[in-house]
Each structure stands twice: as C-alpha cells, then as structure tokens.
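This report walks through a protein structure step by step, with the sequence and the 3D view at hand. Please keep both open while reading, and look up each residue as it is mentioned.

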Amino acid sequence: MSNVSTKPRPLDGLKVCDATWYGAGPIATRALANLGADVIRIETEKRPDGLRIAQPKPEGEESLNQSGYYNNFNAEKRSITIDLTTERGHELGIELVKWADVFATNMTARAIRQIGFTWENVQTANPGIIGLYEPMQGMTGPHSEFQGFGALLSAICGVNYLAGDDNEPPIGVGTNYTDYVINPIHAAVAVMAAVRHKRRTGEGQLIDMSQLESSVSGMAGALFAWDNGQTPYQRTGNRVPYAAPHGAFLANEVGDRADHWVALACMTDDHWVSLTEVMGSTELALDPRFRTLEDRKSNEDNLDNIVSGWIRDMNAPDAMNKLQSAGIPAGMVQKASEVLRDPHLAAREFYAYPDHSEAGKRAYDGAGFRLSETPHEIRGAAPLIGEHTWEICESVLGLQPEEIGSLMAEQILY
Amino acid sequence: MASALGDIKILDLTDPLGHYAGYLLANLGAEVTKVEPPGGDPSRRWEPLLPDTPEIEAGMQFLLMNVGKKGITLDIRAHEGKDTFLKLLEETDVLLQSWSREEASALGFDSTELRKQFPNLINASVTGWGLYGPYASLAYSDIVSLAMAGVMNLSGFAEGPPTQLPDNQGFHCASLNLAAGVVAAILERDSSGIAQDVEVSMHESLLMAEETAMQTADIRGIDRERTGGTSGVIGIKLPGMGLYSAEDGWVYAMAAGIAGAGFAGLLELMDLLGDSIADELRQEPYASVMAEFSNSAAVFRLLGDPEKLKEIEDVFAEADVLVTRFFQKYPKEQLYVEGQKLRLLIGPVNGPKELSESEQLNYRNWFRTVSDPGRGRELRYPGAPWQLEATPAILSRPAPLLGEHNEEMFTSVGLTESDLKALSENGVI
C-alpha cells in the first residue's frame, strides 16, 4: 500500500446501499468496493454490527472502530449511522435505496422487517434496483425465518458431517467457515451478473440467495453421490479418493515449535515413485502393496505409517523443500503469524496495510482475484462507525447543514 | 427467459481446481466448453463412480463439476491441435486455464502472446500459487493450499492433527474467485472495451477463511489454534454454545449470550418441552452468572479479564453439564425446529440423507433433475447457489461425454470431415 493506484476499476460508478452485517454480507460488498463501487454501509450505534464488538482488538480496547474482524471485511466502504427504527430515519434509509443501484443485506427476515427494508419496500422505492437478500435459508419456505451464524450453518449444510474422522464427533472446521468465501463470493458473482443484466436492459431484480443452498452447492459431492445411488459417505479425516498418501504428518520438533505439520498429496503414481526416491527406498518403489493408487488406497494405514515415520525425523521446512524439489505437492501447516510473513505472499504483495485513523496500519486480506488492467485492490481502510454521516447527508441525501444538525441532536443520525 | 451471460463463449481448460468456475458461469447462461486432453480430464476417474457406466464417463466429481458444459478433446501440445485451438480462440470471449507461466510459454500461449493475437480475450488463470512469486512453480493440491493458508491449523482437535476441510474447499474457493474475476472482467470489457487477464491463486483464495486468525496475529501477536470446535472465534466455551449430542445425532447450538434468544431462550425451550433441567439452571450459582453474560459485549469483556473468567469457569462447566444432559434427551429435528421458533440458534448436523430429504430445500424446488441419455439415466443434481429472479439459473445439458462435441465444435471453425479423421488418427482429438 505504498502507492494507492488511481487506475479505473470495473465497478466505478456503481452505487451500493449496504445493510449487511457480520461476515457473509460485508465480504460480498467489500469485493464490490474493492472493484470500485461506492458502498455505503448503514449502521447504528444502538445495535452495531456484532463484529465491531468482537475481538481481536488491541489489549484493553473496546472501541467499535478497533476490531480487526470488522475492519478486514469493510475496507473502502463509507459508513452512515441512522436509526432506521424512527420514521425520519427510515425515510432517509429509503432515500439511500433510491440513490443505489444495488441494495444488499444478509439480515434475517425478522430484522429486515424491523428496519423496513423488505424487498417489497425496496423495490417500490426504486423499481430498477438489484436486491441481494442473503438470509440463512432463503426468502421462502418453512425455515425462511430461521437464524444462525456460519458455524451453525456449517452444521446444517454438511461441513461438520463431512469433515474429520469417522470415530470423532463432528466438530466442524473451527470457524464460521461458510461466511468467508463460499457465501460472500457466490453473492458477489450473483450481484455482478445482475449488474450486467441491468446495464443491458435497465431491469433490476431480486437475488434470493439462501446461504444454505449456496453452501451446499460448494460442497455437494457427497450429496450428489447419495442422491444417485451411491453408498453412504464415510468421513475420512485427511484422506481423499484421488490421492495417496494424502494428509498431514507431524515433523520434528524445532526450538519451541513442537507442533509442526507437513501436508502432502501423491496425486499420481509418478508422485509416489518420486516420494520413494526422496525417501531413498527402492524397496518401497517396488513394494506391490503401493504400486498403483488403488494399491495405496487399499493399504493406506501402512502407507501413512511409513510416511509418518520418515517425516517425523525432519524439520517441516526441510520436508516441504525436499518433497517440492521432487515435484510432489507439499506444504507446511502454517499458523496465521507465519502466513502473514509468508515470503511468497509478501513477494505478491497480498496483504494490504491501509491507514485507519484509530486502528493505524493493520493487515487486511488482499483481493481473492487479480485483474491485470483495472485492478481489484484495497485502496482504503474500513470506516469508523458513522464516519461519513455528514458527507453522505450533504452530498447523497442533499440535506442542509441545519437539518443534519437537528437530526443528530434528535439521535436519528449519530 | 433472459440470462446474464447468454452471449458469452468460454473455453475451460482448467485443472480440477477450476472446474466449479465454469459450472457457475454456465449457470449464468454462458456457453462453456470443457477442453480435455484426448485421454480425458483426470477427475473423470475419481471415486465415487456411477455404477454400470464405462469408467471414463463414471466419475461423479467430474459429472458434478462439469454438468451444463459442452466437451471436446484436443491435444494442444501437438502442432495440429494448437492450430485448431487458435481457431477456437477466435470465437471465444473467456479462456479459463491452469497453466504455470512456464507451461504457457512452452505451449506458445503466454499471456503477452495471447493478448497480442486476441485483444478481446479475457484470459483467466487459476493455479495453486498464482503466476509469479517464489512458490509459483511449486506443485500444489487442495490440502497443500489449506495447509499453507493457515485454515487447516484451525481445524481439528487441540491434541490431534490439523484437519482438512471437506470436499476440496480449496478448489471451490479458487473457482469462486475465478468466476467473480471473470464476471468483473466482462463488465469492464462491456463498458470500456478493455479485455484483461484474471489471475487466481488457490492459496490466496483461502486466506479470508482464516476468520480472525490473521488479525489476531497482527493485532495481538497471538496465533489462534485448533480447539476441537469448543470455542472458535469467541475464545471460551460458553454453556449452550457448540456441538451437543442429541437423542439421534448431533446438533450445533449458539444458545449463549451472543445473538437470538440466548441462554434465556434455551431455558424457555426446556420449559416448552416440559424439562425440569430449566429449574436447576434457574438456581444459583447459574442464574446470576448466566444473566451477567447474556450479551456479546459482556462475553467479550470477559475475554479480557482472566481473573473473572477463572472465578466463573466452574459455573460455566457445571451449567454445560446440565445443558448437555438436556440436549441428549431430544431428537435433533425437534431441538432445531422448536428452538428456532423461539429464535434460538440451534441447527442439526446434517448429512447427505438429511439434505436430500430437507423440507426446506425441497419446498424451494432446489434440486434439479438432468436427463443424461449418454449415461442412460436421469441424475439428481444440486440446485444453483442463488436464485436470480430475472435471469434464472440454467442447467441445459448433462456433463459431456469424452469428446462429445468434437464434431460440432470443430466443424463450426471450418474443419472438414477429413481434417477430423486425420486429427483423430493422430491422437490429437
């Protein structure tokens, strides 16, 4: 982020009224913002985005502007604070809907009704608008009012059932997984497709994106097999049908680092032959138990024991280098601090460090895809809560300073 | 019905990590043609296999990721194959591929060269590590990206191995970003005429899925570790929060002071089901402690107060024993539906069977039946990830048989029947 570029971007001029919160909504609209859209987040201090409250923040800090969780997902947006539950506040919210090309929310149906942003209201106010609604299970059906977060949806959509070993409880993958890529990027693709349709025909539309449907779509292998007459799915830990050996293996202890794992995948018979060469064992190369993928899958416990024993005596970086030198897919199980310092990501300038007036220069995840000419990139930090209330009231809503002042005094604006 | 990408022609030469992108773009109406080497894409042979079907047409992973696409075979390494490929590119808006820079150069298709010959082409690359940087030429796989991206370190039990995410999530995240990049590039080309390259690294596409681990390392200098699913982003185990055994399976609950009806709602659910455990939890010491931590701000303050946490962690643990006992007595569907009606965040741990029979998914007619005459059956496919009201998702054809559209595609760019015969005899198609 040494030099912020001023190149044009694909969504320059696109106006987004953003009533999202938490992860699955804000990350979608962040992608739009980092592609050039003017994204205005409507927030309230009465009921702020839970991620503004959440950790991590600097030790002892409680400011709504210091959460790394929130800030990472809201780079380059503007923030206006309006109490939408007041009549005048609701009117101002609807004015933003009229201004926008896209209205986006991932709130529950109930919360949407409370703030008066149902699709009916939004479309009435602005018939040409694109409405992205991302409730957990879609806008129709017996479960349309149900609510949850990514960790809960992960249980419902199959993450927990599919991940881990068969003899362990289905704990999931340790995060609100579906919130971070699957749901927001499906949503971003859908919005951009709708933008194209709108640009070509003038027609807006409703995007009813059930996070359940989006998530299942992104991990449907076992469901598709089940639906078409295959035997029940078996949870297989770190194994896959298309490679063996395949998994994470504990490496030697280095310094204070006792827990260092190496992931590897022998996807082809050639990978396996190369692995036996790296291990220096012609015996293994000739071992009939391991010759083909089918052989190796049938003897996978033995195979994994042999590989484990070999990696156990090496340092993780050495193991990765040796395996990769032989052309075998391999990598270290990195901790977040190691990912932040990853030399490859550094050379690619993945992380952005935009300047935030309260939080300073903190790391933000970079763009998930790159465009060569009209870049997808982070050009600014997340907004303070209500940071742009005044300027949006003046320049977007066309209010006079006196009115803005009195609305603030009445706490309709903050 | 209108479609968003009905005028867009796409050639899909990606490795399996990019297949889902072409699937999404086909759902948006693009004409997507999978270009495979004459022996077929490797994922055609991946288990599970459709029964009573020739192996090359039976791989269910291939079917799922390539339904809706046309398919041709072409050896683009061979001289004649390359010529044919260039002819196809003239009619193409978007090229999806997984070549490293070295591979692209060796083929004569490096990005500069392609840009020169096809100024309107959107050339979209998806690889494990991206096209440049010190690891760019390293080998990759789904699990290697999960490992290097830090997400695997968060998944699993504290004492156990880091655990991969299910069903090739690296592939899916890479493909999602590829599809997003392609649609963004199409929007740019529409408005300014600028065609450009899209680049996706599977490794990078997963980094957002570290949740707060990256920021926790950056802001607090602390690495989040795997916790066996007990605490995650909250950092402590709250009663009512996490995985619980139900009478007939598992439920995941967030019935603590984070959102929804919270712990008070959980007691209401117990009342509703006539369970006296609620009465126990309304006694001290539980009542006052649970009341104090009934909102997220209080919970997060607790995280910064280790002394207070130590004081009450026994109360939390004892309350959780009671909550655990409650969940064990009831079927997961009842806990889910009755709980959600009370605005309690409870969900069942669903497997393929439950999803297949899901009242909600079936009410919304989500699943799609695709007639697949080449494989002699109808197949039930998942629905689209979104419902676009004015431009509905399209699933117009089964997954291609190997080389199914060779004749149609090659004759459309001017090859004659004898050309096709020669290419076939030389093993090019």
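## Domains of the two chains

In chain A, the C-alpha centres of domain 1 and domain 2 lie 41 Å apart. The domain assignment of chain A places residues 15-219 together with 343-409 in domain 1, and residues 246-340 in domain 2. The model is a predicted one, and the values in this report should be read with that in mind.

For chain B, the domain assignment gives a domain 1 made of residues 9-208 and 363-425, and a domain 2 that covers residues 241-351. The centres of domain 1 of chain B and domain 2 of chain B, again taken over C-alpha atoms, are separated by 45 Å.

## The interface between chain A and chain B

Where the chains meet, 146 residues of chain A and 153 residues of chain B take part in the contact. Between them, chain A and chain B bury about 12700 Å², and 64% of this area is on carbon and sulfur atoms.

There are also 65 residue pairs in polar contact between chain A and chain B, counted where both residues have a pLDDT of 80 or more. On the side of chain A that touches chain B, helix α9 (residues 182-201) of chain A gives the most, with 13 residues. The residues on this side of chain A divide into 81 nonpolar, 42 polar and 23 charged.

## Salt bridges across and within the chains

Side chains of opposite charge can pair when their charged atoms come close. How many salt bridges are found across the interface of chain A and chain B? The rule finds 13 salt bridges there, while the count over all chains comes to 54. One salt bridge joins Arg364(B) to Asp208(A), and the closest N and O atoms of this pair are 3.0 Å apart.

Another salt bridge can be followed inside chain A, where the side chains of Glu91(A) and Arg88(A) meet with an N to O distance of 2.9 Å. Both Glu91(A) and Arg88(A) belong to helix α4 (residues 87-99) of chain A, and they are three residues apart, which is about one turn of the helix.

## A sheet with strands from both chains

Strands of a sheet pair through backbone hydrogen bonds, either parallel or antiparallel. In this model, an open sheet of seven strands with mixed pairing runs in the order β12(A)-β6(B)-β5(B)-β4(B)-β1(B)-β2(B)-β3(B). The edges are taken by β12 of chain A and β3 (70-73) of chain B, and each of them has a single partner strand, so one side of each is left without a neighbour in the sheet.

The link between the chains is made where strand β12 (residues 370-371) of chain A pairs with strand β6 (residues 197-201) of chain B, in the antiparallel sense and over two bridges. Here the bridge partner of Arg370(A) in β6(B) is Glu199(B). Strand β5 (residues 122-127) of chain B, in turn, runs parallel to β6(B) and is joined to it by five bridges, with Val126(B) standing opposite Val200(B).

## Backbone details in the loops

Most residues other than glycine have a negative phi, and most peptide bonds are trans. Which bond joins Gln55(A) and Pro56(A)? It is a cis peptide bond, with an omega of about 5 degrees, and Pro56(A) has its place in the loop between α2 (50-53) and α3 (68-73) of chain A. A cis peptide bond also joins Ala244(A) and Pro245(A), where omega is about -5 degrees, and Pro245(A) is found in the loop between α11 (221-227) and β7 (246-250) of chain A.

Tyr22(A), which is not a glycine, has a positive phi near 60 degrees, and Tyr22(A) lies in the loop between β1 (15-18) and α1 (26-34) of chain A. In chain B, Asn168(B) has a positive phi of about 55 degrees although it is not a glycine, and Asn168(B) lies in the loop between α6 (142-148) and α7 (169-192) of chain B.

Terms used. Residues numbered from 1 in each chain as written. Chains lettered and ligands numbered in written order. Predicted model: local features only at pLDDT ≥ 70, side-chain atom pairs only at ≥ 80, totals over all residues. Heavy atoms only, no water. Domains from an automatic or database assignment. Contact = heavy atoms within 4.5 Å. Buried area = accessible area lost by both parts, 1.4 Å probe. Salt bridge = Lys/Arg side-chain N within 4 Å of Asp/Glu carboxyl O. Polar contact = N/O pair within 3.5 Å; in protein donor to acceptor, adjacent residues only side chain to side chain. Helix = DSSP H or I, 4+ residues; strand = E, 2+ residues; numbered from the N terminus. Nonpolar A, V, L, I, M, F, W, Y, C, P; charged D, E, K, R; others polar. Pairing = 2+ DSSP bridges.
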